[in-house]
Amino acid sequence: MNVTMQKNGNVAGVITVSLEKNDYQEKVEKDLKLVGQKHHIDGFRPGHVPAGLLKKMFGKQVLADVLNRVTVDALFKYIDDEKLAVLGEPLPTDVKELDFNATEFTFSFEVGLAPDFDATVDKAVKIAYYNITVDDEMVKKQDEALLRRFGSQQPGEEVNDTALVKGEVVELDEAGNVKEGGIATKTIVSMEYIGTTDEKAKFDGKKVGDEVVFNPAAASKGNDAEVASMLNIDKEQAAEVKSDFRFTISEILVLKLAEKNQEFFDNVFGKDVVKTEDEYVAKLKEMIGGQLKLDSNYRFTLDARKALEDKVGDIELPEEFLKKWLVEKNENITAENVDEEYKKMLPAAKWQLIKEKVAKQFEIKVNDDDVKREAKILAAQQFAQYGMNNVPDEYIEKYAEDFINNKQYRQGIVDKAVEDKLFTAIKDNATVEEKTVSVDEFNSLFK
């Protein structure tokens with residue numbers, strides 16, 4: 001057996017595997033015997049089929065299978081032994097039908113090679129890190145949101161901005177009379193949902209027993225699903241509803257904000273974590289700061305990527321090979337659209353190569369504990385989206401395990417764990433220039 005590589009420039013080459021009879025013959029004979037043991041052939045007991053008959057019946061297929069197996073093993077052993085950084089997968093070249101009368105075989109494979117470049121992270125790499133100031137306005141908004149979240153709906157005398165208004169609606173014709181055969185139903189309208197439309201003003205200050213003529217389509221800003229929900233009809237019918245309706249108010253519920261007492265503090269931060277209003281404000285700032293830290297860290301990943309991409313500069317890639325590989329491996333990519341698709345994947349491909357270099361520099365690896373920690377963060381974030389910030393740890397643990405055991409989530413969790421360690425290593429070893437900014441200044445970075 002002989003395996004050689006002919007390089008075509010810096011980042012491409014052809015690996016050739018040459019086989020002689022003694023490289024594969026013993027394996028062919030062994031596989032033929034296994035075929036004789038497994039296949040029922042009339043007139044012969046299993047394992048007692050003559051070798052000549054087996055060769056006549058199965059010889060070509062067995063030879064082809066063995067040649068393929070031996071060749072692929074040799075190919076990847078060569079890649080491993082030579083420590084070649086291969087992009088994509090090797091592609092066979094000059095594919096021909098096997099000559100079963102031959103005793104020597106040669107197979108060639110085109111390969112794309114990762115380029116050599118310097119992506120070393122050291123103090124010469126400078127990256128900004130933005131600390132976002134927690135201002136009084138943020139605390140005020142968060143406080144208002146929490147007071148509302150833990151507040152309660154109570155009967156009110158008149159409609160205000162937070163009211164839920166219950167009553168009956170009937171459809172009107174163009175003359176303002178009740179439409180014959182029109183829609184009539186009981187409903188609930190939230191002033192918070194229609195508060196940004198002109199229809200909301202029609203309800204302001206109204207009391208139980210009052211009538212309001214309004215337009216559901218305008219109140220819902222043309223959202224057919226909301227119209228359907230409001231009028232208890234299906235979405236298709238809602239799309240046709242453009243008329244006014246008369247709303248007769250039967251009940252008004254208004255939001256009463258929560259009181260700042262121990263029950264409220266416990267609901268927000270957990271049992272006895274906060275006991276005074278000063279402690280509550282301090283904890284609010286801490287909570288907001290933690291949320292802003294996620295934004296700061298995200299911005300750091302963008303700036304770190306740019307800093308490393310600028311350091312590396314242009315990277316030479318085996319363009320011709322990669323285009324062939326994309327067409328070969330993706331049924332949606334063809335010779336006609338491969339140039340466009342290649343341009344789309346190029347930035348991600350270059351960044352992936354840089355990440356691999358950095359991961360190798362710092363010997364980045366993740367273990368089960370890293371994956372579990374990442375899964376718990378994901379679980380906590382999902383609970384927080386629904387305003388649940390004090391979920392008991394046993395629930396977080398359970399959901400984290402569910403994520404890990406779900407194939408749809410697991411790989412993403414592993415990738416995130418790797419990225420977290422990667423950017424932590426970058427932050428620890430580069431020169432990080434910390435800057436304190438307001439939230440408006442921070443947001444302007446993304447414009």
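**Exercise 1. A bent helix**

Find the residue at which helix α10 bends, and the proline that follows.

A note on the model: it is predicted, local features need pLDDT of at least 70, side-chain atom pairs count only at pLDDT 80 or more, and totals for chains, interfaces and linings use all residues. Residues are numbered from 1 along each chain as its sequence is written, and side-chain values use heavy atoms, with hydrogens and water left out.

Next, the span. α10 covers residues 338-361, 24 residues in total. Helices (H or I, at least four residues) and strands (E, at least two) are DSSP runs, numbered from the N terminus. From first C-alpha to last, α10 reaches 33 Å, close to the 34 Å expected at 1.5 Å a residue. The expected span is 1.5 Å times one less than the number of residues.

Then look just past the end. E363 takes a positive phi of about 50 degrees.

**Exercise 2. The buried side of α10**

List the buried residues of α10 and the elements they pack against.

*Solution.* Buried means under 20% relative accessible area, exposed over 50%, and partly exposed in between (1.4 Å probe, protein chains only). The buried residues of α10 are V338, Y342, W351, L353, I354, K355, V358 and A359. An α-helix has 3.6 residues a turn, so residues three or four places apart point the same way.

Now the partners. The buried residues pack against β3 (86-93), α8 (277-312), α9 (319-329) and α13 (407-429).

Zoom in on one lysine. K323 sits in helix α9. K323 counts as buried because its relative accessible area is 17%. Setting aside residues up to four places away in sequence, K323 touches V338, D339 and Y342. Contact here means heavy atoms within 4.5 Å.

**Exercise 3. Aromatic pairs**

How many aromatic pairs does the structure hold?

*Solution.* There are 16. Rings of Phe, Tyr and Trp (its six-membered ring) pair if their centres lie within 6.5 Å; planes under 30 degrees apart count as stacked, over 60 as edge-to-face and the rest as tilted.

Take F150 and F264. Their ring centres are 6.1 Å apart and their planes stand at 80 degrees, so this pair is edge-to-face. F150 is in the loop between α3 (136-149) and β6 (152-155), F264 is in helix α7 (residues 262-269), and the two are 114 residues apart. F150 is partly exposed at 27% relative accessibility, whereas F264 is buried at 2%.

Take F203 and F214 next. This pair is also edge-to-face, at 5.4 Å centre to centre and 70 degrees between the planes. F203 lies in the loop between β8 (184-190) and β9 (211-214), and F214 in strand β9, so the pair ties together parts 11 residues apart in sequence. F203 is buried at 0% relative accessibility. F214 is buried too, with a relative accessible area of 0%.

Finish with the cluster. F150, F264, F265, F269 and Y280 form one aromatic cluster.

**Exercise 4. Lysines over rings**

Which ring faces do K357 and K398 lie over?

*Solution.* K357 lies over the face of F117, at 4.9 Å from the ring centre. K398 lies over the face of Y399, at 5.5 Å. A charge sits over a ring if NZ of Lys or CZ of Arg is within 6 Å of the ring centre and within 35 degrees of the ring normal.

**Exercise 5. The first hairpin by number**

Describe how β1 and β2 pair.

*Solution.* Strand β1 (residues 2-7) and strand β2 (residues 12-19) run antiparallel, with 6 bridges. Two strands pair if DSSP finds at least two bridges between them. K7 stands opposite G13 in β2. The hairpin leaves 4 residues between the strands, and G9 in the turn has a positive phi of about 80 degrees.

Key:
The bend at a residue is the angle between axes fitted to the seven residues ending there and the seven starting there.
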